[in-house]
Amino acid sequence: MHMGKRRGKRLAKTGPLLLIAAPGILYLLINNYLPMFGVFLAFKDYNYIKGIFGSDWSGFDNFRFLFKTHDAWVMTRNTLFYNAAFIVIGTVAAIFVAILIYELGQKRRVKLFQSALMLPNLFSWVVIGFIGYAFLNADTGFINNSVLKAFGTEPISWYSTPGPWPVILVLVYLWKFVGYFSIVYIASIAGIDKSVYEAAQLDGASKFQQIMRVTIPLLKPTIIVMSLMAIGRIFYSDFGLFYQVPQNSGRLFEVTQTIDTYVYRGLMELHDVGMSAAAALYQSVVGFLLVLGANALVRKLDNDNALF
Amino acid sequence: MNHSHNDVKRFQVFATVVLAILAVFALLPIILIAIASVTDENVLVSTGYTFLPSKLSLDSYYYMVKQSQMIMRSYGVTISVTLLGTLGSVLLTTTLAYPLARPDFKYRNLLAFFVFFTMLFNGGVVSSYIMWTRVFSIKNTIWAMVVPNYLVTAFNVFLVRNYYVNSIPHALVESAQIDGAGELQIFFKIMLPLAIPTVATISLFTGILYWNDWVNGLYYISDSQLFGLQNLLIRIMNNIQFLKVSSNSALLGTQNVDLPGASVRMAMAMIGILPIMILFPFVQKYFIKGVVLGAIKG
């Protein structure tokens with residue numbers, strides 16, 4: 001205690017340490033902080049020739065137009081709906097897989113299955129788009145040619161039929177992420193005190209009962225923290241999943257458009273900077289409030305795991 | 001006792017069976033594109049992509065070797081971007097994390113908040129895009145794929161900082177100071193080499209990130225000479241003829257017959273993931289460690 005106090009008073013020279021940190025500080029200033037001041041673009045009628053500062057102010061016009069469109073509702077609904085599905089289904093699937101892997105016991109099998117389930121996580125969304133194409137494209141796709149034909153069903157033009165896409169996107173998400181998220185839960189299960197299981201065994205609990213009555217209740221803190229972290233990010237979507245997997249198909253926008261794809265399309269395809277900036281700011285601000293809220297909840301439940 | 005032993009065994013069998021089924025489902029899509037890439041083009045046209053094609057052929061790979069100029073160039077771009085990005089990221093991340101770990105650094109808390117705040121709020125894609133293109137004129141340069149977004153993340157900075165705080169005693173710095181070493185010397189000669197285990201972890205994740213990234217390319221690269229592998233793949237998905245048109249400027253149409261489009265598409269996807277599949281068994285252990293480390297406390 002005493003030592004600590006003395007050390008606290010004897011500060012290191014600031015200059016050299018700041019110098020070491022300077023390149024990183026400069027990067028964050030440019031990459032992360034400078035664009036924060038750019039949010040005023042959302043309040044401008046952006047004109048490429050007049051530039052960032054020369055363009056006329058337009059007050060809340062961009063927002064007024066944005067929220068009048070059907071798009072605003074669609075992208076908000078989709079972003080929230082898919083994230084909610086991912087949190088619920090993804091968590092259940094990851095815990096299920098984690099328990100199975102943990103109970104395998106044999107190291108070689110653990111490694112084998114874990115590798116197989118984790119491999120999809122390492123592929124880029126572009127490659128996953130190709131894999132989706134191998135299954136779904138109308139002419140040479142596996143589903144139309146092999147599966148539907150076997151059932152005698154008419155081929156489906158998947159990239160222009162919105163109906164099945166919520167299911168497809170959830171399946172692709174699970175395929176890519178379940179192995180990855182199960183790692184976290186395996187670590188959490190491994191941290192459970194073994195004597196709890198021994199006690200349950202002495203009481204005659206079967207393996208299944210042990211899982212339901214011991215493992216899952218003891219995973220609760222991890223589940224809650226992981227879910228709240230995800231809820232803090234519920235206004236953000238994985239751009240690749242919603243852009244590459246549906247092959248940027250306009251016919252599917254009703255069920256594949258999220259805030260991130262809208263911002264991209266507004267900026268790069270429609271060149272509507274004002275509208276796009278308004279949507280991006282809408283995402284940043286609501287996202288900010290959600291992170292703060294989620295963190296306040298985590299802190300209440302489990303102070304150690306709070307972000308701040 | 002015997003009863004519960006049986007119970008454990010039974011559950012292990014159940015777990016093995018279920019996981020084997022899941023593992024098959026995880027791998028089938030990859031197997032499908034692997035088989036599709038070596039399926040005869042005529043078979044593909046008549047029966048589509050299938051697991052048991054009636055005729056195999058290496059035409060797609062022959063074709064890619066013949067037209068390899070474009071592919072090799074994109075490989076070169078992706079490898080350069082991955083190396084530059086990973087190296088830059090390691091340097092900027094460790095140098096920023098180290099002062100944050102020093103208990104005697106005056107601005108420690110202020111700087112920690114400065115880094116941390118980037119996790120909470122961001123200016124959005126639009127202003128970031130306009131800044132990089134209009135202020136820094138980064139469009140169609142290799143830096144556009146290296147610099148924006150990924151070089152320093154608060155997450156990695158805190159990962160390295162925590163490693164220093166928890167695993168490397170501050171006394172080491174103090175004794176070096178007594179020996180008369182300057183701060184720069186202490187960092188580069190002592191503290192940076194000591195951080196190698198975490199540096200390995202963040203290099204692995206950052207390397208995979210850069211290898212797989214296509215978003216920066218999508219926003220900032222329109223010149224096909226600068227396409228990395230992922231952006232070449234995107235272009236090929238939209239237009240398979242792109243491979244041929246750009247590698248020799250022969251007339252469109254006259255040579256179309258040569259291009260086994262359906263199988264080449266999948267062969268291209270295969271060469272995009274091959275390096276990762278080869279590397280994966282060797283890095284799997286570190287990958288798992290990194291995920292656990294990151295999840296416990298960022």
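Colleague: How many residues does the contact take from chain A and from chain B?

Modeller: In this predicted model, 76 residues come from chain A and 82 residues from chain B. Two residues count as in contact if their C-beta atoms lie within 7 Å. Helix 2 of chain A supplies the largest share of the chain A side, 15 residues.

Colleague: What makes up the side of chain A that touches chain B, by class?

Modeller: That side has 51 nonpolar, 20 polar and five charged residues.

Colleague: What are the ipTM and pTM of the complex?

Modeller: The predictor gives an ipTM of 0.91 and a pTM of 0.91.

Colleague: Now helix 10 of chain B. Which residues of helix 10 are buried?

Modeller: E183(B), I186(B), F187(B) and M191(B) are buried. Each therefore has 20 or more other C-beta atoms within 10 Å of its own.

Colleague: Why are the buried residues said to line one face of helix 10 of chain B?

Modeller: Look down the helix axis. The buried residues fall within an arc of 90 degrees, so they line one face. On the other side, L184(B), K189(B) and P193(B) are exposed.

Colleague: What do the buried residues of helix 10 of chain B pack against?

Modeller: They pack against helix 2 (14–37) of chain A, together with helix 4 (68–101) and helix 9 (171–178) of chain B.

Colleague: Where in chain B does pLDDT stay under 50?

Modeller: Over residues 247–257, for which the model has seven contacts beyond four places in sequence. Where pLDDT is low, the predicted coordinates should not be read in detail. Chain B averages a pLDDT of 88, and 92% of the residues score at least 70.

Note on methods: Residues numbered from 1 in each chain as written. Chains lettered and ligands numbered in written order. Predicted model: local features only at pLDDT ≥ 70, side-chain atom pairs only at ≥ 80, totals over all residues. Buried ≥ 20, exposed ≤ 12 C-beta atoms within 10 Å, placed from the backbone. Helix = DSSP H or I, 4+ residues; strand = E, 2+ residues; numbered from the N terminus. Arc of directions from axis to C-beta. pLDDT = per-residue confidence, 0-100. Nonpolar A, V, L, I, M, F, W, Y, C, P; charged D, E, K, R; others polar.
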